[in-house]
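Trainee: Could we go through this one together? I'd like to know what stands behind each term.

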There are 4 protein chains.
Amino acid sequence: MSIRSRHLAKDDLGFDSRTERNRKRSINADGSFNIKRKNNFWTEFHVYQWVITCKWSTYWYTVLSIYVGANFLFASLYYLIGPEYIVGIEGEGIMAYWQCFFFSLQSFTTVGYGGLHPKGMLCNVLAGYEAFLGLMTFALATGSLYGRFSRPEARIKYSPNALISPFKEGKALMFMLCNNKKGTLVEASAKVNFSWVEKDENGNDTRRFAILDLEIDRISMLALSWTLVHHITENSVLYDFTPEDYIKKDVEIYILVSAYDDTFGQTVHSRSSYIGSEIISNAKFRRPFFTDANGNTVMDVLSLGDYDLLP
Amino acid sequence: MSIRSRHLAKDDLGFDSRTERNRKRSINADGSFNIKRKNNFWTEFHVYQWVITCKWSTYWYTVLSIYVGANFLFASLYYLIGPEYIVGIEGEGIMAYWQCFFFSLQSFTTVGYGGLHPKGMLCNVLAGYEAFLGLMTFALATGSLYGRFSRPEARIKYSPNALISPFKEGKALMFMLCNNKKGTLVEASAKVNFSWVEKDENGNDTRRFAILDLEIDRISMLALSWTLVHHITENSVLYDFTPEDYIKKDVEIYILVSAYDDTFGQTVHSRSSYIGSEIISNAKFRRPFFTDANGNTVMDVLSLGDYDLLP
Amino acid sequence: MSIRSRHLAKDDLGFDSRTERNRKRSINADGSFNIKRKNNFWTEFHVYQWVITCKWSTYWYTVLSIYVGANFLFASLYYLIGPEYIVGIEGEGIMAYWQCFFFSLQSFTTVGYGGLHPKGMLCNVLAGYEAFLGLMTFALATGSLYGRFSRPEARIKYSPNALISPFKEGKALMFMLCNNKKGTLVEASAKVNFSWVEKDENGNDTRRFAILDLEIDRISMLALSWTLVHHITENSVLYDFTPEDYIKKDVEIYILVSAYDDTFGQTVHSRSSYIGSEIISNAKFRRPFFTDANGNTVMDVLSLGDYDLLP
Amino acid sequence: MSIRSRHLAKDDLGFDSRTERNRKRSINADGSFNIKRKNNFWTEFHVYQWVITCKWSTYWYTVLSIYVGANFLFASLYYLIGPEYIVGIEGEGIMAYWQCFFFSLQSFTTVGYGGLHPKGMLCNVLAGYEAFLGLMTFALATGSLYGRFSRPEARIKYSPNALISPFKEGKALMFMLCNNKKGTLVEASAKVNFSWVEKDENGNDTRRFAILDLEIDRISMLALSWTLVHHITENSVLYDFTPEDYIKKDVEIYILVSAYDDTFGQTVHSRSSYIGSEIISNAKFRRPFFTDANGNTVMDVLSLGDYDLLP
């Protein structure tokens, strides 16, 4: 009992044991948290965070809107100053307004053809200010575009299922992962937490947490696949779990993997989780790599997670 | 005694035990150091540090001043060379000078409408040099703008108070924190130091320091709130403190939290502190998250730190 | 036996013990993995990873193709709108088309001479959009160019051979490394793994893995050369290896070095490996540095790895 | 003896014990290595490393040379194509050549006034290529300018001397450091190595190395000064050193400090060293901070390292 309790790590995942029995998983399979937040909008909102992580369509829509909006603003200012201060404008009214808009486009992007160009103090100063503002605005637009483009991410592929497989004299919980893209991951490490619901002394459902010790929790190079193995010994919290318990006790397994990525030149993190229905009892993973006729080792990413049910 | 002294960590916070009894806190609630520095101005000053951390108004004022100043400088040079070397300039004297200024604006920003353009060796070379300098100057302006925009920061929200709450058979010092913005923090860790003033063997006030051991000092995912708990056992330096002592002994609790931020792709640090008057005895935090009708866990950031006084 | 097995670290290199006897080395001498991957093309492909690591010729070819391609696209659009909407175009047909192309070049790069400039709504809007797109496209091109230029890399030079040299009363496996470029490496650390093939209980070839303990596995400053020494004691897996075994048992030694690089301001990683035929028995490295007449220590990088065979 | 030898850390500084008695220090006071390197020029040279670390005058000279050189190259090409293909060029021969040069300046910087603008296939294509190349070249120039500007560096100020001061019942080697600029350093840690020359068993001079254990080797916040203290106990290698030995035995103390810098958002490293003549026996540092009349703690960076000789 005392040994097993060593595994009990209440709170240490950042989820609280007091959480009610919750049918929705806490971590989605893609690694995002499944938690709603209630906060003051402007405190919660972080411009950079939003710009870097929003959808591409939202990003382009926002950037283009700011671009067009800024130009309409400056077009209006030029029009107020008077279209006659922009050399090359012909016509009047809406015609002149549009040419103010075109002049603004050409100033904001610093393309400055010169077919239209400013004269007079006010118009020149405004054009100089617009070019300045254009350069600063495009710095944010192009910086965040490149930031999105070069954002570090660990594209780890996890086996769709965790298996209970034979291991040594007993059995073990196993799942696999590999790098899902070209490029080199080194110094990979993994932490696995386990949570389930059980009755506390008062007969109420309580969510409990435990760290699952791994046979190997750190590898030097993630060149092939990596099978993470939790040996289910007498000291494991899984020792008394029947196959049905994984669903009945609302089990969730949380995985946190970090590795140094040569491409980004920094450490990247990846998260995933398995819920009870994704745990298969008495099965064994197939080996996802082989040596081909030329003596090359071939890693077959597509077959990662294929398994055979044992009799 | 020997066990308790294990907690005494003189100097290890970077503040010296010899510091006089100082009524002003050493670390402000926002994490900045409350320490004045005396140093040679140019040694102390670090341009990049200043540009990245100064107020937005100061930043814009500085950037615009450099922009305007550089253009007046170049305008004067063009005027010295002779306005007649800029094709398109009409008028003389101050009129011509302003047009030199406008030409400079158009060169510095590389907008180059062409309504004004250089002729002659000197004017052309100067314009070519100005365009070069403009590109280099804007690199610093736009780079630092984006640097400010994308600067990593941990927006951790701390409970406004630390509480002395019942814990196990005894009591504990507790405070809470959570992520105050959208985005994901993982691998969070915390260190807590405690300082107070007491009489030394000569009867002089001495500031003493101790590390406060935490029940959990590292969590894998900061998805909800995190309650930091220092159990006040016989071995704790807090064991003999009465509620009044927290104020009388000029207590300050220093907190250093670090976590990996998915948005910035790097580890961020956050600091805070509590002084004696912010420590509430015999109270208990309310739970700042709940499960809603749809089975979603909801983290209520606004209620973080709400507590009930115990009878 | 029990002590020696402490060194056995099955799987912990990320290569599996089940790998068949494979005549090709797993890690090339330049540190890249010698492993083929089978994966869905678009999953495997990561644009940023590719852009940062592809060959320079491929990079320039790609960037120029996109530049030229985008301009042909816009040229065609301008031509469709009608060359008469670009002021300054003379001639017709293919002549006019080329001038549309030139106008597009001048808009996309924001050079905008103005010899050609747009008139009319459609042409002006398209030109404004092209300038916007040009700025965004060049952000990716210039960002990735600078990303390639400033990409952190550890240019560690490894001795071409590992030696079995006399050491203390016995012998040791030794190899050397040094910084192969100017600049400062500090806080260097090394991990060495060893793999070989032997018969398992069923008489099948199995690849086995072991960590090789080093006398010193971490140095504060990599100023001169660093000799990595694995003392071959009774507890070492190398204890029973004869010189012939290194080739016969298909040995591969994997080296992972990391160090903090002052230039890049971050930790860099380097990998290399030795195969059996690169291990020389009974030899001793020459010392690759000396003190010159002026009392300066001189590191002779070129002579790193020179050795003498012992009698 | 066995306890003291625990401190002997041959090689672990990256300098070899076989180094001859070398009158020049290995690490300069500014932290750079005092070691010459012999290597193939192009292997040794790393463009980015050079561009980021070269002197400002060298940097500007190089960038301007490339700018001017590229423009002369393109000017020559335009001249070869024929000055008549650039609209706006007047005159012939050297006059025309210079105008080709000016046109090149205006294309390379994308300022494109248009007073000069290309006509004809060849000239237009070349101008389009030059604008492209200009944008890419300026990306490297502006990127490296900003890289130099924002390069992380720890501006740690070390006391000019290390002292042998009274400590507890005995004495200790002490030196001080503090942050030499505005901005916040947290999680600072220090490693101190010691080297000296003594006769080996054959009577030859050998350089020996030892790690000096510190009373505190890690502090949470470097807000004030930090006094690094090596207690000279019986187990210390310094135990038998007389004041004269520090010079006679050619002592060098190596210091490596790292800390997390809030401004740069990353860990920075600093190195320094003391040689024998910089070690003062029987002295005591003055305290470099005080509490002013308003209760503020004031850190006096300028007085850091001031000391009093003891009687």
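Mentor: In chain B, strand 15 and strand 16 (residues 297-300) pair in the antiparallel sense over three bridges. Keep in mind that this is a predicted model, where local features need pLDDT of at least 70, side-chain atom pairs count only at pLDDT 80 or more, and totals for chains, interfaces and linings use all residues. Residues are numbered from 1 along each chain as its sequence is written, while chains are lettered from A and ligands numbered from 1 in the order in which they are written.

Trainee: What makes strand 15 and strand 16 of chain B a pair?

Mentor: Strands are DSSP runs of E with at least two residues, numbered from the N terminus (helices are runs of H or I, at least four). Two of them pair if DSSP finds at least two bridges between them. Here there are three bridges, so strand 15 and strand 16 of chain B pair. For instance, Phe290(B) has Val298(B) as its bridge partner in strand 16 of chain B.

Trainee: Why is strand 1 of chain A called an edge strand?

Mentor: The open sheet has three strands in the order 1(A)-16(B)-15(B), with mixed pairing. Strand 1 (35-38) of chain A and strand 15 (289-291) of chain B are its edge strands, each pairing on one side only.

Trainee: How do strand 16 of chain C and strand 1 of chain D run?

Mentor: Parallel: four bridges join strand 16 of chain C to strand 1 (residues 35-38) of chain D.

Trainee: How many residues of chain C and chain D are in contact?

Mentor: Contact means that the C-beta atoms, placed from the backbone, lie within 7 Å. By that test, 47 residues of chain C are in contact with 52 residues of chain D. On the chain C side, helix 5 (93-108), helix 6 (121-149), strand 9 (218-221) and strand 16 (297-300) each supply at least two residues. Helix 6 of chain C gives the most, with six residues.

Technical notes
Contact = placed C-beta atoms within 7 Å.
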